[in-house]
Amino acid sequence: MSHHRTTGVSRRAVTRAAAAAGLAVVSGATTATAAYGTTRLGPRTLDLSVPSAALGRSAPVRLILPSGFDTRPPGRTYPVLYLLHGAHDDYTSWTRETDIEAFTEGRDLIVAMPDAGPTGIPTAWRSGPDYETFQLTEVPALLARDWRASGVRAVAGVSTGGYGAMAHAARHPGVFGAAASYSGTLDTMAPGMPALMDAIVAREKLLPRSLWGSPVLNLLTWRDFNPRARAEGLRGTPLYVSSGSGVIGGIGDWLPEALESVLWPSAHSFTDRLALLRIPVTTHYYAGGGHSWTYWRREFTASWPMLAGALGVPE
């Protein structure tokens, strides 16, 4: 694992606050009058069903609230950790596959796990829903209004959620105090990546061109949503990127290892671009490994000090 000291964070603090406030103001009209369903799952965990103009439907968001949330002064606000799910999964994956509820017990933060649809690609689709607006505008506005969320945020994701974490942070500089990707698709235009994105979309019985159109005819759109192409927007944001080599050095768990192998060059292409731009990043490239929670749980723990620092909560 290589560690690089991230510089320039303090000078972006004002930018982050302004960006967060701006998103809340812009989106306030969208959700301020909308009623939504709430299902309590435990003392700190609940599901929201959020009406979304960007999606044209209501979509779920799972929340983990700070300990003693209901007894705290109403003026107290909390930073938010956004955790994004991967392809062919859903917003329940982080509580199903990790101990995130127990892990955050006693730490004063909100954990938000928004829906990204069946593909887990949280972007503005060319022909379809706009998950980027849902996750970056509508959900934060609702959390600020009803759940005492502050403008301090960090984001992390697995697989296509790892794509989302870096794409969101790159396309909206200053909104997140830190971003982490575990086995993410970080250069969507690297060799083989457009075909992989098409396959993810097609598996959910959706038209591949409904994502960003043709990678040839709609090249500019593909570039606009590619974290590597938007890497300059990550300057000053603490970053963590991890990925495994998969089959090479693997243990024979063929399918997840093969997928991890396919993503390996994409991650390197992304971090090579960061190096060229002299944008600091903490990387963990490891031999073997599969595209699975066995590795992502470990990587989340490794990245936690960076995320905690951005959120201002204890490690």
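Student: Is glutamate 97 buried, partly exposed or exposed?
Tutor: Glutamate 97 is partly exposed, with a relative accessible area of 27%. Buried means under 20% relative accessible area, exposed over 50%, and partly exposed in between, with a 1.4 Å probe and protein chains only. Please note that this is a predicted model: local features need pLDDT of at least 70, side-chain atom pairs count only at pLDDT 80 or more, and totals for chains, interfaces and linings use all residues. Residues are numbered from 1 along each chain as its sequence is written, and side-chain values use heavy atoms, leaving out hydrogens and water.

Student: Which side chain meets glutamate 97 in a salt bridge?
Tutor: That of arginine 297, at 3.8 Å from N to O. Glutamate 97 lies in helix 2 and arginine 297 in helix 9, so the pair ties together parts that are 200 residues apart in sequence. Arginine 297 counts as partly exposed, at 35% relative accessibility. A salt bridge here is a side-chain nitrogen of Lys or Arg within 4 Å of a carboxyl oxygen of Asp or Glu; helices are DSSP runs (H or I, at least four residues), numbered from the N terminus.

Student: Which residues are linked in a network of salt bridges?
Tutor: Asp89, Asp90, Arg96, Glu97 and Arg297. Within it, arginine 96 forms a salt bridge with aspartate 89, the closest N and O atoms being 2.8 Å apart.

Student: How many salt bridges does the count come to?
Tutor: The count comes to 17 salt bridges.

Student: Back to helix 9. Where does it bend?
Tutor: Helix 9 bends by about 45° at tryptophan 304, and proline 305 follows within four residues. The bend is the angle between axes fitted to the seven residues ending at a residue and the seven starting there. Just after helix 9, glycine 312 takes a positive phi of about 75°.

Student: Finally, which residues lie nearest the centre of the largest pocket?
Tutor: Ala87, His88, Arg203, Leu259 and His291, out of 21 lining residues. Helix 8 gives the largest share of the lining, five residues. A pocket is an open set of points on a 1 Å grid over the protein atoms alone, with protein on both sides within 12 Å along at least five of seven lines; lining residues have an atom within 4 Å of a point.

How values were computed. 1 Å grid on protein atoms, 1.4 Å probe; cavity = no way out; pocket = protein on both sides within 12 Å on 5 of 7 lines; lining within 4 Å. Helix = DSSP H or I, 4+ residues; strand = E, 2+ residues; numbered from the N terminus.
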